[in-house]
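Reader: I am new to protein structures. Can you show me how to read a few features, one at a time?

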Amino acid sequence: MIKKLFQNGKVYDFIVIGGGATGIGVALEASARGYSVILLEQSDFTKSTSSKSTKIAHGGVRYLAQGNVRLVREACIERGLLRINAPHLVKNLWFVIPTSGLREEIMYTVGLTFYDMVAGRLGLGVSKLISKKHTLKRVPTLNPNKLTAGVIYHDGQFDDSRLAINSLQTAVEHGAVVLNYTRVTELLKNQDGNLSGVIVIDEEQKETLQILGKNIINATGVFADEILHKDNPNNRKTVAPSQGVHLILDKSFLQGNDAIMIPKTDDGRVLFLIPWHEKVIVGTTDTPIKEASLEPIALEEEIEFILTTVGQYLTKVPKRTDVLSVYAGLRPLAAPKNDGKKTKEISRSHKIFLSDSGLLTIIGGKWTTYRKMGEDLVDRAEKERKWKHIPTKTKHLKIHGYKKDINLNDPMYFYGTDKEGIMQLIAENPTWNKIISKKLNIIKAQVVWSVRNEMARNVEDFLARRVRAQLLDARESIRMAPEVASIMADELGKDEVWQKEQVKQYKIITGNYIIN
Ligand SMILES: Cc1cc2nc3c(=O)[nH]c(=O)nc-3n(C[C@H](O)[C@H](O)[C@H](O)COP(=O)(O)OP(=O)(O)OC[C@H]3O[C@@H](n4cnc5c(N)ncnc54)[C@H](O)[C@@H]3O)c2cc1C
């Protein structure tokens with residue numbers, strides 16, 4: 001099937017390696033400008049870091065404290081654009097900072113007023129100082145002994161994997177080809193030593209294919225050095241992975257509609273508590289890690305740190321048994337030249353660099369700025385190739401599923417306009433209206449939809465990234481796995497052996513999301 005795509009010797013304008021936020025931003029921008037694009041992902045889209053973020057579309061308040069106004073302004077603009085372009089996935093959220101004493105009250109009020117100003121007309125609302133009584137009214141489960149007042153401010157909140165799928169669909173609508181389970185194993189060079197394409201392995205058919213392209217883009221996050229090494233075995237290390245861990249708790253731990261931001265925990269890191277799909281995300285940590293992996297595992301000390309810290313701020317103290325899921329992600333931070341730097345001090349801005357053979361690598365940045373990273377990368381490629389510059393086409397590009405005025409109480413709100421398609425499936429086959437998880441509000445038709453329209457290829461793709469069951473309640477997601485496997489098998493024409501293997505594999509992987 002995939003082979004057919006390349007039989008005519010097509011040469012793509014852009015071959016994008018990596019189907020995380022960065023690669024997707026590049027594919028979106030390049031295809032919207034009218035270039036021919038193919039995006040290749042070795043696993044499922046966002047399998048790596050891009051499904052394991054804190055899910056905040058933000059300017060980065062803490063970088064303001066470090067004096068990095070340009071970086072914060074850029075991210076605030078992107079936050080505003082995201083909210084406009086994907087209103088079904090990005091919502092405006094109030095964040096509460098519990099303050100302790102007059103000094104903090106003044107410092108955070110002034111700092112966040114500046115944050116609002118930096119965002120300019122794309123700001124999401126005005127920050128203000130509120131009394132202790134008002135703070136506790138907004139967040140009744142905050143420990144009253146930990147605050148004298150509160151400062152409230154706005155940031156965006158989003159669903160990372162859903163934004164990825166809808167952005168990919170938008171790119172496809174502009175002509176891009178996007179493939180999951182297609183790993184780049186080699187880079188091809190012509191006689192002059194310049195890159196001319198890639199060799200990939202189709203992980204499902206176990207077939208090797210050659211794809212030709214003019215610009216080869218390395219958007220592989222924490223795996224960037226592996227691709228750079230294929231280009232030039234002498235490349236110096238460019239990525240310093242840093243692990244962030246989040247815990248998922250029941251919504252009863254954070255009552256009300258607001259998020260909490262704790263700017264300085266005991267070890268100086270920021271901690272968030274974010275309402276998300278009727279649960280609460282708590283995190284994150286920042287631990288330097290030596291080896292990049294597609295399934296990083298939360299360290300015991302990270303779990304304990306989060307539980308202890310968050311326990312100080314809440315009236316209902318979470319225990320290990322309250323944790324519905326734990327997930328770890330790796331930040332692809334640009335490695336500093338000075339190796340002594342702590343990871344929290346390493347720049348969060350993105351970097352683009354060109355190798356002698358023409359490989360364009362893009363690393364760093366954040367989900368919020370994925371569009372701008374795509375814009376900057378395509379600008380750079382046009383410049384290097386001396387192509388006529390086409391101005392960005394994504395600033396005001398509506399993302400697939402775009403729908404304004406969504407009803408957040410609708411369990412399928414995040415599909416935006418695609419919900420109509422799911423309803424259509426149910427009209428055709430009413431048995432697909434059957435609930436497969438009451439706890440998580442998931443029905444059969446969503447599985448069918450994900451296979452037919454969202455390139456879900458296996459049980460994990462659906463449970464982890466087309467809906468967020470693995471993160472929201474890992475045990476419940478394991479319970480659902482056999483039924484999901486059976487529905488997918490019908491759609492994909494797979495047998496019982498496949499189903500059994502799928503359930504077995506899903507249990508093994510998701511075991512890492514459960515703590516005892
Ligand atoms: C804990 C944590 C919390 C975060 N929270 C936020 C947040 O709240 N808001 C925000 O804006 N940002 C946040 N970020 C940052 C953001 O998530 C990342 O910057 C972003 O997801 C990185 O995307 P990426 O595409 O560069 O990397 P990845 O998501 O890792 O994608 C790279 C992809 O390349 C693929 N790949 C690798 N090698 C090959 C190959 N040979 N062939 C084909 N494919 C290959 C991988 O499988 C992977 O899917 C957070 C990051 C972390 C770690």
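Author: Start with lysine 55. Lysine 55 is buried, because its relative accessible area is 0%, and the cut-off for buried is under 20%. Keep in mind that this is a predicted model.

Reader: Where is lysine 55 in the chain?

Author: Lysine 55 sits in a loop.

Reader: What is the phi of lysine 55?

Author: First the general idea. Most residues other than glycine have a negative phi. Now the case here. Lysine 55 has a phi near 70 degrees, a positive value, and lysine 55 is not a glycine.

Reader: Which phi does methionine 455 have?

Author: Methionine 455 also is not a glycine, and its phi is positive, about 55 degrees. Look for methionine 455 in the loop that links helix H11 (444-453) to helix H12 (459-466).

Reader: Is methionine 455 buried or partly exposed?

Author: Methionine 455 is partly exposed, because its relative accessible area is 30%.

Reader: Now peptide bonds. Which two residues does the cis peptide bond join?

Author: The general idea again: most peptide bonds are trans. Here, glycine 283 and threonine 284 are joined by a cis bond, with omega about 15 degrees. Threonine 284 lies in the loop between strand S14 (279-283) and strand S15 (287-288).

Reader: Where is threonine 285 found?

Author: Threonine 285 is in the loop between S14 and S15. Threonine 285 counts as buried, because its relative accessibility is 1%.

Reader: Which residues does threonine 285 touch?

Author: Leave out residues up to four places away in sequence, and threonine 285 touches Gln243, Gly244, Val245, Arg269, Glu302, Phe305, Ile306 and Arg331. With glutamate 302 there is a side-chain polar contact of 2.8 Å.

Reader: Next, charges. How many salt bridges does the structure hold?

Author: There are 35 salt bridges. To read one, find the two side chains and the N to O distance. In one of them, glutamate 29 meets arginine 33 at 2.6 Å, N to O. Glutamate 29 is buried, because its relative accessibility is 0%. Arginine 33 is buried too, because its relative accessible area is 6%.

Reader: Which residue forms a salt bridge with aspartate 159?

Author: Arginine 468 does, and the closest N and O atoms are 2.6 Å apart. Aspartate 159 is buried at 4% relative accessible area, and arginine 468 is buried at 3%.

Reader: What about lysine 419 and aspartate 410?

Author: Their side chains meet in a salt bridge of 2.8 Å, N to O. Lysine 419 is partly exposed, because its relative accessible area is 24%. Salt bridges can also share partners: Asp44, Lys47, Lys52, Glu295, Glu460, Asp461, Arg465 and Arg466 are joined in one network that way.

Reader: Last, helix packing. At what angle do helix H3 and helix H4 cross?

Author: The axes of H3 (residues 69-85) and H4 (residues 102-119) cross at roughly 65 degrees and come within 8 Å. The crossing is right-handed.

Reader: Which residues of H3 and H4 meet?

Author: H3 brings Val69, Val72, Arg73, Cys76 and Arg79. H4 brings Phe114, Tyr115, Val118 and Ala119. The residues of this contact divide into 7 nonpolar, no polar and 2 charged.

Note on methods: Residues numbered from 1 in each chain as written. Predicted model: local features only at pLDDT ≥ 70, side-chain atom pairs only at ≥ 80, totals over all residues. Heavy atoms only, no water. Helix = DSSP H or I, 4+ residues; strand = E, 2+ residues; numbered from the N terminus. Buried < 20%, exposed > 50% of the residue type's maximum accessible area, 1.4 Å probe, protein only. Salt bridge = Lys/Arg side-chain N within 4 Å of Asp/Glu carboxyl O. Axes fitted to C-alpha atoms, helices over the stretch in contact; angles between N-to-C directions. Left-handed = near helix turned anticlockwise from the far one by under 90°. Contact = heavy atoms within 4.5 Å. Nonpolar A, V, L, I, M, F, W, Y, C, P; charged D, E, K, R; others polar. Polar contact = N/O pair within 3.5 Å; in protein donor to acceptor, adjacent residues only side chain to side chain.
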